[in-house]
Amino acid sequence: MGLQDEVKKRKTFAIISHPDAGKTTMTEKLLLFGNLIRTAGTVKAKKTGKYATSDWMEIEKQRGISVTSSVMNFEYKGHKVNILDTPGHEDFSEDTYRTLTAVDSVVMIIDATKGIEAQTIKLFKVCKMRGIPIFTFINKLDREGREPLELLDQIEDVLNIETYPMNWPVGMGKRFLGILDRYNDQFIKYNGNEDETYIPMSDMSEDELTEHPTYQETVDELALLNEAGDQFSLDRVLEGEQTPVFFGSALAPFGVQTFFDTFISMAPAPGPRRTTQEVISPVYPDFSGFIFKIQANMNPQHRDRIAFLRVCSGKFERGMNVNVARTGKSIRLGQTQQFVASSRDTVEEAYAGDIIGIYDPGIYRIGDTLVESKQTFEFDELPQFPPEMFQRVTAKNVMKAKQFRKGIEQLVQEGAIQLFRGYPYDSMIIGAVGQLQYEVFQHRMKHEYNVEVLLESIGERIPRWLKKEQVDAKLFDERNLLVKDREGEFLVLFKNDFALRWFIDKHPKIDLIDLYEVNQYDQTT
C-alpha cells in the first residue's frame, strides 16, 4: 500500500469537554468498538473497582478524574484510529492545549443537563483558533435535560459556530424513545438495555410508536428545523465553521455507534503542517514528526520516560536514525510503542497521523522536531502558557537531594509544572495553572521518587518576561520577585496588578513581555 493510501486511512482526534460531561465514558465505548476491551469501566468506579482503561495513573483511579492525556490506537472498519483522551480538569488545560496541536479533528462532548460549561468554552476557543474541525456529541439524553433547540442556540451564541443536527432526540429522560437519524434517514429506537433497533424511515409508518404524542411533537419540530435551519456543508465543517451535532448517551450507551460511524466517514485525514521553512505534506517522502508530550514513570517497574510523537510525514520504521532539529544530534529510534493507556505494544512502522511513544533517555523537550535526512526545518512552536500560581519547593529530607532534583527535572519536562529559580539567591519555585497540579506533583514525588516535598505558597503572581539587557536586580525584591526560567530567561513575578502598574509607571522604558499575549498572537498569524 502506498504512502497516500496509508495517510488516508488515519483518523487522529481528541475528545474535549468540561469535567463530568462523559468524555472518558465515551472513550471507553469507542475502545469497545475497536475490540480493545470487553467491558467498559467508568471513571467513578470506586465501589466496583472497574476503572476506565484510559485512566492509568494511581491518583486518577483514586479521585475519578483524568489528569493526563491518554493515547489509544486501534483499527476500525478499514481505518487506523488514534484517540487522544485529554484531561478535563482546568488545572491541566496546558497539557490539553498541547495535545490539540497533535490532532486533525476534535469531538466536543456537552452535558445535555448543564449545557456549555467554562472549560468547554476555553478548549473550543483553542480549536477555533487553530481551525480544527469540531464534531459535537450532546450526552446524557437518558436524563432530563435542556431542550435540544435551546442547546443548539447556546452552541451558536456562546461558541459562535453554525450547528447542523445530524439526528434529533424523541423525548428525554424517562420519556426518551430514541433518535431520528437525519443523516442516515432512519429511526433508532431506545430499548433501555444497551440495545438499539434501527428502523428505516420508510418503514416507520408501520410502527406503533408513530402514534406516541412525543414522537408527533418531534416530527413537527424536525419539519421546522428542516425549513429554518442551516444546510449541511462538509466543506464548512472541515474549515471549522460548522459543527455537526449528535444526540445520545455514552453511558447507556445509545447513539454512540451511529455517531462514530458518521464521524469516521467525515473526519479529515492528516493534512499538511507548517514549519519554519515550508509547509510539509503528509505524503512528503522523508519521515518527520514532533513531540507534544513527555510522560515519566508510565511503567513503575522500569521508571522510564516516554516522549509522545505525532508523525507528520513519510514512513516511520523502528530502528531508523533521525535528527533532533533543535540540537542537530542524531538518534536511533529503537524502543517505540503504541498505547492503550498504560498497555503498550512495540510498533514497527507508522505514518502521518499516528501517535507513537519513543523512549526518552533525557534528551527530548516538548516541541522538538524529529526529521529523517539532513533537513533542518522545525514544526511551529507549541504554545506555552504562563503559570498563575507559584510555590517555593524544598525536600523535607535534605539527604534525598539527588532524588529531589531528578524528580523535579523529570516532572518539569512533562510540562504540567514549570520551574523557576530565584535570582540572585538560588531558590526553587514551581509555577502551575491550578492547585490540583501541586497535589499531583506532591503525590508523584512521594510515590514515584520516594521524596516528600514541602511547598510554601507565594500566592498568585503576574509573570512578565524581561529582555536580558534591561535586567537590573536592584529594582526587585520579595514583592516583585526576579527569577529565571528553565531557559535562563529573566522574568518578574509581580505581587498583584497594582504592583505591575506601579512598576510600569516608574520604569516606562523597561519592556515587560506577557507570554499569554505572545501565544495568542502567534496562533492567529
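Helices here are DSSP runs of H or I with at least four residues, strands are runs of E with at least two, and both are numbered from the N terminus. With that settled, here are some points on this predicted model.

1. Let me start with Asp185, which sits in the loop between β8 (178-181) and β9 (186-190). Its phi is near 50°, a positive value in a residue that is not glycine. Most residues other than glycine have a negative phi. Is Asp185 buried or exposed? Asp185 has a relative accessible area of 51%, and because the cut-off for exposed is over 50%, it counts as exposed.

2. Although not a glycine, Asn450 has a positive phi of about 60°. Asn450 belongs to the loop between α11 (435-449) and β27 (453-460).

3. Two peptide bonds also deserve a look, given that most peptide bonds are trans. Ala252 and Pro253 are joined by a cis peptide bond, with omega about -20°. Pro253 falls in the loop between β11 (242-247) and α9 (256-266). Tyr423 and Pro424 are likewise joined by a cis peptide bond, here with omega about 5°. You will find Pro424 in the loop between β25 (418-422) and β26 (428-432).

4. Helix α9 brings us to a helix pair. Two packed helices are described by the angle between their axes and the distance between the axes. For α2 (residues 23-33) and α9, the angle is about 75° and the axes are 11 Å apart. Since 65 to 115 degrees counts as roughly perpendicular, α2 and α9 are therefore roughly perpendicular to each other. On the α2 side the contact uses Met26, Lys29, Leu30 and Phe33, and on the α9 side Val256, Gln257, Phe259 and Phe260. By class, the residues of this contact divide into 6 nonpolar, 1 polar and 1 charged.

5. How many of the residues of strand β1 are buried? In β1 (residues 10-17), 8 of the 8 residues are buried, so the strand is largely enclosed by the rest of the structure. In a regular strand the side chains alternate between the two faces of the sheet. In β1, Arg10, Thr12, Ala14 and Ile16 point one way, while Lys11, Phe13, Ile15 and Ser17 point the other way, and all are buried.

6. Strand β1 has parallel partners to go with that. It runs parallel to β3 (residues 79-85), and 6 bridges join the two; within this pairing, Thr12 has Asn82 as its bridge partner. β1 also runs parallel to β4 (residues 105-111), joined by 5 bridges, and here Ile15 stands opposite Val107.

7. The side chains of Asn73 and Asn82 make a polar contact at 2.5 Å. Why does Asn73 count as buried? Its relative accessibility is 9%, and buried means under 20%, so Asn73 qualifies.

8. Asn73 and Ile355 are 282 residues apart in sequence, yet their C-alpha atoms are 7.9 Å apart in space. The side chain of Asn73 reaches the backbone oxygen of Ile355 at 3.4 Å. Asn73 therefore counts as buried, with a side chain that contacts Asn82 and also reaches Ile355.

Conventions: Residues numbered from 1 in each chain as written. Predicted model: local features only at pLDDT ≥ 70, side-chain atom pairs only at ≥ 80, totals over all residues. Heavy atoms only, no water. Buried < 20%, exposed > 50% of the residue type's maximum accessible area, 1.4 Å probe, protein only. Polar contact = N/O pair within 3.5 Å; in protein donor to acceptor, adjacent residues only side chain to side chain. Axes fitted to C-alpha atoms, helices over the stretch in contact; angles between N-to-C directions. Parallel < 35°, antiparallel > 145°, perpendicular 65-115°, else oblique. Contact = heavy atoms within 4.5 Å. Nonpolar A, V, L, I, M, F, W, Y, C, P; charged D, E, K, R; others polar. Pairing = 2+ DSSP bridges.
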